[in-house]
Amino acid sequence: MKILIVNGPNLNALGQRERKIYGAETLEELENQWISYGASNGVEVVVFQSNIEGEIIDYLYKMKDSVSGIIINPGALTHYSYSLRDCISAIEKDVLEVHLSNIDKREEFRKLSVITPVSCGKITGLGKEGYILAINYFILKNENK
Ligand code: DQA
(Lines give C-alpha, C1' and ligand atoms only; values in the text may rest on other atoms or scores of the structure.)
Protein backbone atom coordinates (compact mmCIF):
# COMPACT_ATOMS: atom_id res chain seq x y z
CA MET A 1 0.00 0.00 0.00
CA LYS A 2 1.22 3.48 -0.86
CA ILE A 3 0.14 6.64 1.00
CA LEU A 4 0.95 10.21 0.15
CA ILE A 5 1.70 12.87 2.76
CA VAL A 6 1.45 16.37 1.29
CA ASN A 7 2.37 19.49 3.22
CA GLY A 8 1.51 22.96 1.97
CA PRO A 9 2.91 26.47 2.34
CA ASN A 10 5.29 27.29 5.19
CA LEU A 11 5.48 23.75 6.47
CA ASN A 12 8.98 23.64 4.96
CA ALA A 13 9.89 26.07 7.77
CA LEU A 14 9.01 23.70 10.61
CA GLY A 15 11.70 23.78 13.26
CA GLN A 16 12.23 27.54 12.83
CA ARG A 17 8.66 28.73 12.49
CA GLU A 18 6.58 29.51 15.63
CA ARG A 19 8.06 26.58 17.50
CA LYS A 20 5.69 26.95 20.46
CA ILE A 21 2.84 26.17 18.10
CA TYR A 22 4.41 23.81 15.60
CA GLY A 23 7.25 22.18 17.53
CA ALA A 24 11.02 22.17 17.15
CA GLU A 25 11.48 19.37 14.64
CA THR A 26 12.12 20.06 10.98
CA LEU A 27 9.84 18.79 8.23
CA GLU A 28 12.60 16.47 7.07
CA GLU A 29 12.87 14.92 10.54
CA LEU A 30 9.11 14.44 10.70
CA GLU A 31 8.93 13.04 7.18
CA ASN A 32 11.60 10.48 8.06
CA GLN A 33 9.58 9.43 11.10
CA TRP A 34 6.40 9.02 9.01
CA ILE A 35 8.28 7.10 6.32
CA SER A 36 9.82 4.69 8.83
CA TYR A 37 6.52 4.29 10.70
CA GLY A 38 4.93 3.38 7.39
CA ALA A 39 7.76 1.01 6.45
CA SER A 40 7.48 -0.85 9.75
CA ASN A 41 3.79 -1.32 9.04
CA GLY A 42 4.18 -2.41 5.45
CA VAL A 43 3.19 0.93 3.95
CA GLU A 44 5.17 3.01 1.51
CA VAL A 45 4.85 6.65 2.57
CA VAL A 46 5.66 9.18 -0.16
CA VAL A 47 6.17 12.78 0.96
CA PHE A 48 5.78 16.08 -0.87
CA GLN A 49 5.88 19.71 0.20
CA SER A 50 5.33 22.87 -1.78
CA ASN A 51 4.71 26.51 -1.04
CA ILE A 52 2.92 26.81 -4.37
CA GLU A 53 -0.78 26.04 -4.63
CA GLY A 54 -0.65 25.02 -8.31
CA GLU A 55 2.25 22.63 -7.71
CA ILE A 56 0.28 20.84 -5.01
CA ILE A 57 -2.73 20.55 -7.30
CA ASP A 58 -0.60 19.25 -10.21
CA TYR A 59 1.05 16.74 -7.87
CA LEU A 60 -2.28 15.43 -6.56
CA TYR A 61 -3.55 14.87 -10.12
CA LYS A 62 -0.29 13.18 -11.07
CA MET A 63 -0.26 10.81 -8.08
CA LYS A 64 -3.93 10.09 -7.44
CA ASP A 65 -4.12 6.78 -9.31
CA SER A 66 -1.00 5.31 -7.77
CA VAL A 67 -1.88 5.78 -4.08
CA SER A 68 -4.42 4.26 -1.69
CA GLY A 69 -4.87 7.39 0.36
CA ILE A 70 -3.72 10.96 0.74
CA ILE A 71 -2.91 12.82 3.94
CA ILE A 72 -2.74 16.58 3.47
CA ASN A 73 -1.85 19.50 5.66
CA PRO A 74 -2.70 22.39 3.34
CA GLY A 75 -1.26 25.06 5.68
CA ALA A 76 -3.03 28.37 5.18
CA LEU A 77 -4.54 27.12 1.90
CA THR A 78 -6.94 25.32 4.24
CA HIS A 79 -8.76 28.56 4.89
CA TYR A 80 -9.22 29.97 1.39
CA SER A 81 -8.12 27.72 -1.46
CA TYR A 82 -11.16 26.84 -3.56
CA SER A 83 -8.74 25.53 -6.21
CA LEU A 84 -7.33 22.95 -3.83
CA ARG A 85 -10.80 22.13 -2.59
CA ASP A 86 -12.03 21.55 -6.17
CA CYS A 87 -9.02 19.36 -6.90
CA ILE A 88 -9.64 17.19 -3.82
CA SER A 89 -13.28 16.92 -4.78
CA ALA A 90 -12.34 15.98 -8.36
CA ILE A 91 -9.81 13.26 -7.64
CA GLU A 92 -12.31 11.05 -5.81
CA LYS A 93 -9.72 9.65 -3.41
CA ASP A 94 -9.84 9.47 0.36
CA VAL A 95 -8.08 12.65 1.45
CA LEU A 96 -7.55 13.09 5.17
CA GLU A 97 -6.91 16.63 6.40
CA VAL A 98 -4.33 17.02 9.16
CA HIS A 99 -3.18 20.06 11.14
CA LEU A 100 -0.40 20.17 13.69
CA SER A 101 -2.14 22.87 15.74
CA ASN A 102 -5.76 22.90 16.77
CA ILE A 103 -7.21 25.26 14.16
CA ASP A 104 -10.47 25.51 16.10
CA LYS A 105 -8.71 26.99 19.12
CA ARG A 106 -6.73 29.74 17.38
CA GLU A 107 -7.53 32.92 15.42
CA GLU A 108 -11.03 33.28 13.98
CA PHE A 109 -9.86 32.98 10.35
CA ARG A 110 -8.40 29.53 11.02
CA LYS A 111 -11.74 28.13 12.14
CA LEU A 112 -12.97 27.93 8.58
CA SER A 113 -11.58 25.09 6.51
CA VAL A 114 -12.78 25.05 2.91
CA ILE A 115 -11.10 21.63 2.65
CA THR A 116 -13.09 19.81 5.37
CA PRO A 117 -16.28 19.39 3.30
CA VAL A 118 -14.35 17.47 0.64
CA SER A 119 -12.05 15.49 2.93
CA CYS A 120 -12.89 12.10 4.44
CA GLY A 121 -12.03 13.43 7.90
CA LYS A 122 -9.89 15.85 9.83
CA ILE A 123 -7.30 15.52 12.59
CA THR A 124 -6.37 18.80 14.21
CA GLY A 125 -4.23 19.73 17.20
CA LEU A 126 -2.45 16.44 17.78
CA GLY A 127 0.94 17.58 16.48
CA LYS A 128 3.10 15.22 14.47
CA GLU A 129 1.23 12.24 15.93
CA GLY A 130 -1.80 13.37 13.97
CA TYR A 131 -0.03 12.18 10.81
CA ILE A 132 0.68 8.79 12.43
CA LEU A 133 -3.00 8.46 13.33
CA ALA A 134 -3.83 9.34 9.74
CA ILE A 135 -1.47 6.62 8.42
CA ASN A 136 -3.18 4.20 10.79
CA TYR A 137 -6.58 5.17 9.46
CA PHE A 138 -5.54 4.07 5.97
CA ILE A 139 -3.94 0.86 7.32
CA LEU A 140 -7.13 -0.08 9.20
CA LYS A 141 -9.32 0.85 6.28
CA ASN A 142 -7.29 -1.34 3.98
CA GLU A 143 -7.39 -4.27 6.46
CA ASN A 144 -11.16 -4.02 6.83
CA LYS A 145 -11.82 -3.89 3.09
C1 DQA B 1 -1.64 24.50 10.03
C2 DQA B 1 -2.65 25.53 10.53
C3 DQA B 1 -2.87 26.63 9.50
O4 DQA B 1 -3.81 27.57 9.97
C5 DQA B 1 -1.56 27.35 9.23
O6 DQA B 1 -1.73 28.33 8.25
C7 DQA B 1 -0.45 26.43 8.90
C8 DQA B 1 -0.33 25.17 9.62
C9 DQA B 1 -1.31 23.47 11.11
O10 DQA B 1 -0.71 22.46 10.76
O11 DQA B 1 -1.62 23.65 12.28
O12 DQA B 1 0.41 26.74 8.09
O13 DQA B 1 -2.20 23.83 8.92
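Me: What span does helix H5 (residues 129-143) reach from its first C-alpha to its last, and what is expected?
Reply: In this predicted model, H5 has 15 residues and reaches 21 Å. The expected figure at 1.5 Å a residue is 21 Å, and the helix comes close to it.

Me: Which residues of H5 are buried?
Reply: They are Gly-130, Tyr-131, Ile-132, Ala-134, Ile-135, Phe-138 and Ile-139.

Me: Why is Asn-73 called buried?
Reply: Buried means under 20% relative accessible area. Asn-73 has 4% relative accessibility, so Asn-73 counts as buried. Asn-73 is found in strand S3.

Me: What makes the link between the side chains of Asn-73 and Tyr-131 a polar contact?
Reply: The cut-off for a pair of N or O atoms is within 3.5 Å. The two side chains are joined at 3.0 Å. Tyr-131 is one of the buried residues of H5.

Me: Which other residues does Asn-73 touch?
Reply: Beyond four places in sequence, Asn-73 also touches Val-6, Asn-7, Gly-8, Leu-11, Val-98, His-99 and Leu-100.

Me: How do you know that Arg-110 is buried?
Reply: The limit for buried is under 20%. Arg-110 has a relative accessible area of 13%, so Arg-110 is buried.

Me: Where does Arg-110 lie, and which residues does Arg-110 touch?
Reply: Arg-110 sits in the loop between S4 and S5. Leaving aside residues up to four places away in sequence, Arg-110 touches Tyr-22, His-79 and Ile-103.

How values were computed:
Residues numbered from 1 in each chain as written. Predicted model: local features only at pLDDT ≥ 70, side-chain atom pairs only at ≥ 80, totals over all residues. Heavy atoms only, no water. Helix = DSSP H or I, 4+ residues; strand = E, 2+ residues; numbered from the N terminus. Expected span 1.5 Å × (residues − 1). Buried < 20%, exposed > 50% of the residue type's maximum accessible area, 1.4 Å probe, protein only. Contact = heavy atoms within 4.5 Å. Polar contact = N/O pair within 3.5 Å; in protein donor to acceptor, adjacent residues only side chain to side chain.
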